[in-house]
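Student: Could you show me how to read strands, helices and chain interfaces in a protein model?
Tutor: Let us look at the model together, one feature at a time.

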6 protein chains.
Amino acid sequence: MWALRVMAGRPGRGGVQAAAAAVGVARRGMAATQAAEGYKYETLAVTKPRKHVYLVKINRPEKLNAMNLVFWREIGQCFDQLGDDTSCRAVVLGAEGRVFTAGIDLMDLASIGAAAEGGDGADVARRGRVIHKAIRDFQNSFSALERCPKPVVAAVHNACVGGGVDLVCGADIRYCSSDAWFQVKEVDVGLAADVGTLQRLPKVVGGQSLARELVFTARKMFSAEALQCGFISRIFESKERLEEGALELAATIASKSPVAVQTSKIALIHSRDHSVEEGLDYMAKLNMLMLQSEDVRIAAMAMMSKGENKAIFSKL
Amino acid sequence: MWALRVMAGRPGRGGVQAAAAAVGVARRGMAATQAAEGYKYETLAVTKPRKHVYLVKINRPEKLNAMNLVFWREIGQCFDQLGDDTSCRAVVLGAEGRVFTAGIDLMDLASIGAAAEGGDGADVARRGRVIHKAIRDFQNSFSALERCPKPVVAAVHNACVGGGVDLVCGADIRYCSSDAWFQVKEVDVGLAADVGTLQRLPKVVGGQSLARELVFTARKMFSAEALQCGFISRIFESKERLEEGALELAATIASKSPVAVQTSKIALIHSRDHSVEEGLDYMAKLNMLMLQSEDVRIAAMAMMSKGENKAIFSKL
Amino acid sequence: MWALRVMAGRPGRGGVQAAAAAVGVARRGMAATQAAEGYKYETLAVTKPRKHVYLVKINRPEKLNAMNLVFWREIGQCFDQLGDDTSCRAVVLGAEGRVFTAGIDLMDLASIGAAAEGGDGADVARRGRVIHKAIRDFQNSFSALERCPKPVVAAVHNACVGGGVDLVCGADIRYCSSDAWFQVKEVDVGLAADVGTLQRLPKVVGGQSLARELVFTARKMFSAEALQCGFISRIFESKERLEEGALELAATIASKSPVAVQTSKIALIHSRDHSVEEGLDYMAKLNMLMLQSEDVRIAAMAMMSKGENKAIFSKL
Amino acid sequence: MWALRVMAGRPGRGGVQAAAAAVGVARRGMAATQAAEGYKYETLAVTKPRKHVYLVKINRPEKLNAMNLVFWREIGQCFDQLGDDTSCRAVVLGAEGRVFTAGIDLMDLASIGAAAEGGDGADVARRGRVIHKAIRDFQNSFSALERCPKPVVAAVHNACVGGGVDLVCGADIRYCSSDAWFQVKEVDVGLAADVGTLQRLPKVVGGQSLARELVFTARKMFSAEALQCGFISRIFESKERLEEGALELAATIASKSPVAVQTSKIALIHSRDHSVEEGLDYMAKLNMLMLQSEDVRIAAMAMMSKGENKAIFSKL
Amino acid sequence: MWALRVMAGRPGRGGVQAAAAAVGVARRGMAATQAAEGYKYETLAVTKPRKHVYLVKINRPEKLNAMNLVFWREIGQCFDQLGDDTSCRAVVLGAEGRVFTAGIDLMDLASIGAAAEGGDGADVARRGRVIHKAIRDFQNSFSALERCPKPVVAAVHNACVGGGVDLVCGADIRYCSSDAWFQVKEVDVGLAADVGTLQRLPKVVGGQSLARELVFTARKMFSAEALQCGFISRIFESKERLEEGALELAATIASKSPVAVQTSKIALIHSRDHSVEEGLDYMAKLNMLMLQSEDVRIAAMAMMSKGENKAIFSKL
Amino acid sequence: MWALRVMAGRPGRGGVQAAAAAVGVARRGMAATQAAEGYKYETLAVTKPRKHVYLVKINRPEKLNAMNLVFWREIGQCFDQLGDDTSCRAVVLGAEGRVFTAGIDLMDLASIGAAAEGGDGADVARRGRVIHKAIRDFQNSFSALERCPKPVVAAVHNACVGGGVDLVCGADIRYCSSDAWFQVKEVDVGLAADVGTLQRLPKVVGGQSLARELVFTARKMFSAEALQCGFISRIFESKERLEEGALELAATIASKSPVAVQTSKIALIHSRDHSVEEGLDYMAKLNMLMLQSEDVRIAAMAMMSKGENKAIFSKL
């Protein structure tokens with residue numbers, strides 16, 4: 001966490017300074033669809049552009065989508081809400097404006113530091129407790145992407161810095177535009193990433209070497225390298241095409257049995273963290289219920305009809 | 001599991017419908033070698049084409065090698081038998097006919113459903129118990145590939161659907177022909193894969209992104225992509241070359257010390273499921289016996305002779 | 001372990017026999033810098049070519065850097081010393097001479113065998129105990145690369161055989177020259193690798209298929225394949241460029257906050273061996289102290305100055 | 001969970017029916033102290049009878065303290081609040097009225113059943129999801145006793161049934177009056193306990209035999225047996241003495257360094273769920289901060305003064 | 001395992017030599033009930049003395065119930081059969097004759113040794129493999145008591161030696177007669193117990209000190225000490241009373257909802273081997289199905305009727 | 001750790017102040033036997049009073065056996081030496097003088113504090129690193145009791161405070177004299193115990209309630225309570241009888257097969273920290289070697305001879 005708003009840096013080709021100016025234009029994408037009912041957030045724009053598909057966008061473009069305290073709280077609430085919302089079957093996570101996110105908002109973060117200080121000369125153990133609570137809260141927010149049983153597709157364009165990498169590591173699948181770049185910025189600000197990158201990045205890319213290099217050097221990884229190492233599944237030529245592609249993928253997922261898809265996500269996350277034998281046992285426990293679902297019959301009948309009848313599944 | 005026989009689909013280039021017709025031709029491969037002694041199975045053809053190397057082929061080509069209840073039982077029995085057979089040092093797992101397998105045989109599977117129903121209106125908990133037992137039995141069958149300490153090389157051609165992916169995820173190394181394609185078909189039938197894919201696939205390819213996409217969308221992955229992501233180690237231009245190549249690899253493995261090779265397999269599977277420190281301790285416990293084996297001396301002497309004397313190892 | 005000095009083999013293009021002759025030339029690289037103070041080893045040459053960066057070289061070129069008993073002891077001592085040395089922030093691990101290492105020195109190893117024998121006819125359980133202790137000692141030596149909280153960059157040229165692969169699997173990042181090749185030689189000597197390869201290799205490359213093939217066949221993997229599978233992060237055209245490149249990377253890492261970098265390494269290794277949730281909890285516990293470090297302030301101020309003031313961190 | 005309000009049963013000697021009548025008298029205990037500021041709950045009465053010590057009482061005596069939906073929500077909120085409240089160093093958990101608790105309130109619970117049903121004929125998988133969410137919410141509520149780093153002393157009198165056992169299993173120390181009895185009632189209502197008893201009870205009493213007998217038979221365990229098996233640490237002759245004794249213990253704990261006590265609780269819970277080696281590593285990570293606390297110096301100086309100066313610790 | 005038939009020893013007060021003579025008398029207990037249908041075993045006598053309750057007795061009284069190879073196979077088969085038999089809800093495990101069991105039958109065991117030897121001078125690694133298979137088979141047999149989801153009550157009288165302790169450690173609850181004694185005999189025969197005692201005994205009694213003393217010294221533990229440490233739950237004055245008491249307990253368990261009881265056993269065993277948090281998650285997964293069972297309604301209605309209507313549950 | 005020398009306290013009946021004076025007398029016990037060859041320690045007196053049995057005594061009676069830095073280093077070295085010493089089969093751990101130990105020596109400990117401070121105003125992260133290293137070193141010293149595969153019997157008399165409890169928790173079996181008392185003193189000095197008590201104590205006594213009370217309150221536990229909760233296995237009326245009893249137990253253990261006993265200890269410690277299934281697999285791996293030991297034959301033959309021939313085992 002704590003990755004800096006990279007105002008002093010030069011993210012992407014053109015620089016994020018220029019990016020802020022372009023915010024007005026970037027908003028066009030969202031105008032097309034109405035805000036999803038019941039999803040009112042200050043730092044997030046939530047729409048429902050396809051059936052059963054929600055699009056969540058980080059929405060502080062004038063601040064380069066820097067993550068402030070409100071964002072930290074809202075991102076967790078939003079994905080917990082989506083997890084419980086039976087009209088939602090898949091989610092795309094994107095961002096308004098020219099960059100995906102410049103990472104944590106240093107200005108806002110100062111307040112945590114101040115809280116940790118308490119009166120002057122506060123004890124290190126007591127300051128530690130305040131810091132600990134802040135970190136756990138932030139971690140819980142980002143882990144909401146995994147708690148949410150509906151698949152999450154991250155759609156990243158341009159700069160994705162610091163906390164942004166932590167965030168998209170929690171998604172199930174990552175797409176990006178060709179101008180995207182990723183930076184595990186934390187060591188440049190004197191700290192070890194603590195809201196998910198160190199835990200999830202090596203498991204997402206499936207190897208240690210690259211992950212450690214990115215973490216220790218804070219160097220940028222551009223889209224081509226991200227694709228090759230498996231961090232990104234697909235590159236699109238523009239932000240528009242990216243959004244389109246991510247929604248298309250989400251719509252495909254949303255057309256499947258929600259019982260099958262969501263049970264699969266739950267089992268995949270469990271399996272990542274357990275031995276194969278434990279994963280198999282857990283799976284058998286889940287499916288002794290799930291295989292009794294009507295979705296099995298509905299899906300089988302649709303398949304038998306060779307496409308004539310489309311499977312219609314109940315909400316979940 | 002439960003992946004459908006894709007009768008309604010269009011697997012491979014030419015389609016599996018056409019495939020069934022071509023079965024007669026496909027049998028040629030097996031005619032060349034005699035069935036291995038003591039390996040009598042209804043749904044499997046087992047031969048021993050090389051010294052210490054067994055070739056196990058799924059053998060229901062007229063049914064597109066769909067997995068029926070007999071197959072589920074036999075595949076586990078066969079690999080348990082191979083694991084205990086000291087004349088076996090490596091196994092190739094292939095299939096007769098035009099496709100590797102169309103996945104689970106829906107017709108046969110209906111019988112489990114019927115059993116779970118019991119009398120009409122049976123209690124959900126009791127139905128769940130019947131389903132649970134069936135899943136655990138199926139899982140145990142496929143896990144026999146891992147219990148067997150001899151390396152297993154899967155040789156996949158054309159369609160490998162649903163349960164077929166679960167099956168080859170249990171192999172140690174995967175080769176395929178260029179026309180091969182893989183499909184985690186389960187969500188299309190309204191269920192979450194439950195005999196190994198969700199547990200082993202991400203650990204085989206070493207990353208989460210691609211695995212999740214394949215699972216959630218049920219899309220086909222063709223041989224080129226399978227090679228690039230590490231699921232497949234090598235592609236061959238034809239089914240014949242594939243079989244030849246897989247046997248060659250198996251023969252190479254079979255020429256090594258069986259103590260060394262089998263201890264390595266046991267340790268690799270243990271390590272996949274444990275921390276590095278636990279893996280090291282386990283390894284030390286295994287080798288305090290294995291390093292006393294005569295194989296160490298035999299191998300060392302062969303090496304000293306610079307190839308003049310070939311190492312001859314006892315059975316294991 | 002126990003990989004043979006491949007005197008009978010034909011490693012690399014030109015063969016390691018020729019390599020021994022070229023030792024005199026290869027020494028040039030080391031002459032340039034003085035031995036680092038306090039690092040006196042018989043089988044290792046330790047220098048400090050960059051600020052906060054140590055270069056450790058295996059230094060038995062006339063023996064093809066075969067690993068003898070002295071080496072096994074010293075490599076562990078050296079990395080434990082570097083771990084405690086607050087003037088060290090990153091380490092490059094290379095080798096003198098034409099090859100990186102031919103693996104374990106069989107001649108020296110005979111002594112362990114002799115010890116295990118004890119008097120003639122010693123009991124197998126008692127011999128097992130002697131062997132067990134030797135393995136654990138060797139494992140502990142190589143694990144020193146992970147215990148050392150400073151990042152370790154392995155720089156491998158030409159042959160890296162048997163124990164050499166175990167060794168570099170313990171490094172954080174691996175670079176190599178284009179003539180490098182790797183061989184998990186152990187099964188050829190009748191034993192299962194037991195000092196780290198079976199535990200770490202699949203987690204380094206992030207997949208099981210290739211790792212198992214390399215282990216079961218003892219075939220060579222050349223630099224291009226090593227790059228593609230993620231075992232190697234970058235290839236250099238020559239040994240000299242390799243060393244330069246590795247030192248450059250180490251110097252970059254050494255310029256960052258040591259609190260941030262070393263805490264990151266500790267967390268990455270912990271996360272590899274635990275579930276994501278456990279990793280997050282551990283991280284929060286580490287950072288409730290580390291975020292109180294002066295490094296955070298120092299790094300932030302340097303960043304604010306847009307490069308005018310360079311961050312100067314205290315020793316760690 | 002789901003343990004029935006035992007209206008039909010005959011808990012304790014006199015029966016819980018009689019108990020409800022006696023509620024008025026039982027309230028006397030609470031009247032003595034004022035409600036703690038900021039702790040307003042409908043089903044809980046929270047006071048602060050000693051310095052740094054909070055007393056939380058289940059407060060539905062007229063309903064035999066049956067656990068309704070409001071209680072399930074509030075008990076979690078209350079302990080999370082106490083965990084964050086730096087004026088709190090230890091908590092006593094008791095109950096108003098004649099019985100500790102009759103367990104879950106069946107009347108209220110019907111609403112969950114209704115929600116799970118949804119429209120008539122809802123799919124089993126979808127009903128399962130609703131049930132799953134309810135269970136996880138209930139579990140999270142009771143786990144708040146463990147999340148709270150301040151020690152919790154349960155003070156149990158008379159009947160402690162079903163959910164009541166789950167609840168007190170989450171406490172650190174259990175005291176009771178001589179008329180107390182415990183009943184893992186769940187199998188009598190056709191279900192397996194799912195909010196903590198099956199997980200924590202065997203670890204609290206440290207053995208499997210007794211725990212399994214209590215679970216499988218739903219028989220009552222009276223105070224003497226509870227003491228002997230270690231479930232209860234101390235028995236008091238009356239409810240009043242019990243409350244006094246529990247507060248005394250809590251006050252003793254509250255007089256100690258909060259850094260020491262709360263770090264100990266965090267480490268004890270971690271150790272229960274991990275290997276000794278992992279526990280030691282975790283402990284070392286915690287204490288590299290905590291040993292820098294001023295509490296160490298303050299406590300040491302108080303000790304040196306041989307009781308003349310009492311240690312005064314800051315809030316935590 | 002491998003505990004010796006203690007022919008040379010002096011078990012119990014009177015000695016086991018005398019015991020063999022008394023076999024005729026001891027058989028009386030079994031004559032009372034008929035062998036349960038479908039349960040034909042050479043070394044086990046299986047009856048069904050109460051509704052839904054099976055009584056399994058070790059039945060080689062003339063050999064002091066020493067465990068021979070047939071027994072090792074049958075005990076596993078029998079409990080696997082009971083686990084699948086829906087007419088069984090609880091099991092009592094006792095023994096015919098004067099002693100419970102004298103442990104492993106050394107005479108029969110010689111055959112394994114012979115098999116391990118193979119031809120003369122067989123390799124240690126290959127002998128190890130044969131031994132390993134035997135141990136795993138024996139372990140799997142005894143683990144059948146845990147795989148069986150129906151509670152198992154062991155009823156032990158007189159001598160319970162070596163393998164007998166391994167066996168009863170796998171039961172859920174242990175009762176004994178006052179003349180019972182237990183002996184972890186293995187070190188006296190030069191080996192470490194390997195079929196369950198070392199793994200389960202400390203978790204059954206909940207502490208390490210006593211378990212280690214019993215294991216290291218092979219001393220006898222008599223019934224009183226066994227009761228006090230929690231190994232035994234209840235002592236009866238005679239073998240007859242013991243059997244009666246154990247059957248009574250089993251009958252009580254069998255009168256409860258089988259869904260509730262068996263789910264509880266599955267969860268208790270899982271929880272013993274996992275962290276509390278993992279146990280809670282697993283429990284929630286089980287109960288999202290089980291709470292939909294008709295047993296909940298049936299049990300609740302019986303309870304509401306205040307005993308007028310008895311709950312009648314379907315088979316499981 | 002860090003438990004204070006309880007100079008201000010009043011340990012035992014008579015007080016430890018008086019104890020120091022009585023040192024001369026207490027030395028008598030040791031005079032009887034000569035120091036064991038090769039065991040020269042400043043703070044430990046090591047003798048070999050019985051065949052294969054070593055007696056290690058804390059030997060700073062004039063300082064109430066307070067643990068200073070030399071002791072911390074030596075206790076680990078001594079048990080590592082005993083672990084490797086094939087003439088040792090069991091160890092008794094006692095103490096010279098009137099008390100077992102007053103815990104950590106505060107005077108000496110100040111030096112670590114000073115080191116952590118470094119120059120004035122050293123960074124908290126850097127001080128944390130120094131503290132971390134000290135804790136890990138201390139932990140490693142005490143863990144030597146578990147690394148040593150020979151059983152360790154602690155014989156405790158009078159005061160056993162702070163670090164003393166951490167120490168004896170690492171022993172296999174604990175005996176004490178009737179005047180013994182135990183105190184987890186750490187919270188009284190403002191810190192959480194960090195060298196083993198929090199990790200091992202609950203697993204030794206098998207329950208959480210008592211352990212937590214002892215930790216949170218720092219109250220004394222006298223011998224009777226220690227016996228009842230299973231912390232202590234046996235109480236003796238005097239220090240002399242205690243030593244005699246502990247040596248007797250150790251001698252009994254030393255008379256058994258060292259292969260059997262030491263393999264048992266290794267398996268018991270592994271099982272404590274793993275699931276039952278993992279423990280069984282590990283055990284099978286150990287015994288595929290150990291059952292080939294000559295000890296099995298030697299022990300069996302001795303047993304057959306009905307005590308006429310005593311088993312004589314080789315060193316281990």
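**Reading the features**

Tutor: We begin with a pair of residues, for D:Ala45 stands opposite D:Lys57 in β2(D). Before going on, note that this is a predicted model, in which local features need pLDDT of at least 70 and side-chain atom pairs count only at pLDDT 80 or more, while totals for chains, interfaces and linings use all residues. Residues are numbered from 1 along each chain as its sequence is written, chains are lettered from A and ligands numbered from 1 in the order in which they are written, and side-chain values use heavy atoms, with hydrogens and water left out.

Student: How many bridges join β1 to β2 in chain D, and in which direction do the strands run?
Tutor: Strands (E, at least two residues) and helices (H or I, at least four) are DSSP runs numbered from the N terminus, and two strands pair if DSSP finds at least two bridges between them. Here strand β1 (residues 44-50) of chain D and strand β2 (residues 53-58) of chain D run antiparallel and are joined by five bridges. Their hairpin has two residues between the strands, and D:His52 takes a positive phi near 65° there.

Student: What is the order of the strands in the sheet of chain D?
Tutor: The order is β1-β2-β3-β4-β6-β9 in an open sheet of six strands, with mixed pairing. In chain D, β1 and β9 (234-236) stand at the edges with a single partner strand each, so one side of each is left without a neighbour in the sheet. Angles run from 0 to 180 degrees between N-to-C directions, and axes are lines fitted to C-alpha atoms, for helices over the stretch in contact; with direction ignored, neighbouring strands of this sheet are turned by 25° against each other on average.

Student: Which strands of chain D pair in the parallel sense over three bridges?
Tutor: They are strand β3 (residues 90-95) and strand β4 (residues 152-156) of chain D, and D:Val92 stands opposite D:Val153 in β4(D). Helix α11 (residues 239-254) of chain D packs on the sheet, touching β1, β2, β3, β4, β6 (173-177) and β9 of chain D, and its direction makes about 155° with that of β6(D).

Student: How are two packed helices described?
Tutor: They are described by the angle between their axes and the distance between the axes. In this model, helix α8 (residues 197-205) of chain A and helix α13 (residues 276-290) of chain C pack at an angle of about 145°, with their axes 9 Å apart. Taking contact to mean heavy atoms within 4.5 Å, the residues involved are A:Leu198, A:Gln199, A:Arg200 and A:Lys203 of α8(A) together with C:Val276, C:Gly279, C:Leu280 and C:Met283 of α13(C). They divide into four nonpolar, two polar and two charged, where Ala, Val, Leu, Ile, Met, Phe, Trp, Tyr, Cys and Pro count as nonpolar, Asp, Glu, Lys and Arg as charged, and the others, Gly among them, as polar.

Student: How many residues of chain C are in contact with chain B, and how much area do the two chains bury?
Tutor: Contacts link 43 residues of chain C with 49 residues of chain B. Buried area is the accessible area (1.4 Å probe) that two parts lose on being put together, summed over both; for chain C and chain B this is about 3900 Å², 63% of it on carbon and sulfur atoms. Of the area that chain C buries against chain B, C:Gln199, C:Arg212 and C:Phe216 supply 20%, more than any other three residues.

Student: How many salt bridges does the rule find across the interface of chain C and chain B?
Tutor: A salt bridge is a side-chain nitrogen of Lys or Arg within 4 Å of a carboxyl oxygen of Asp or Glu, and the rule finds three across this interface. The side chains of B:Glu277 and C:Arg136 meet in a salt bridge (3.0 Å, N to O). On the side of chain C that touches chain B, α6(C) gives the most, with nine residues.
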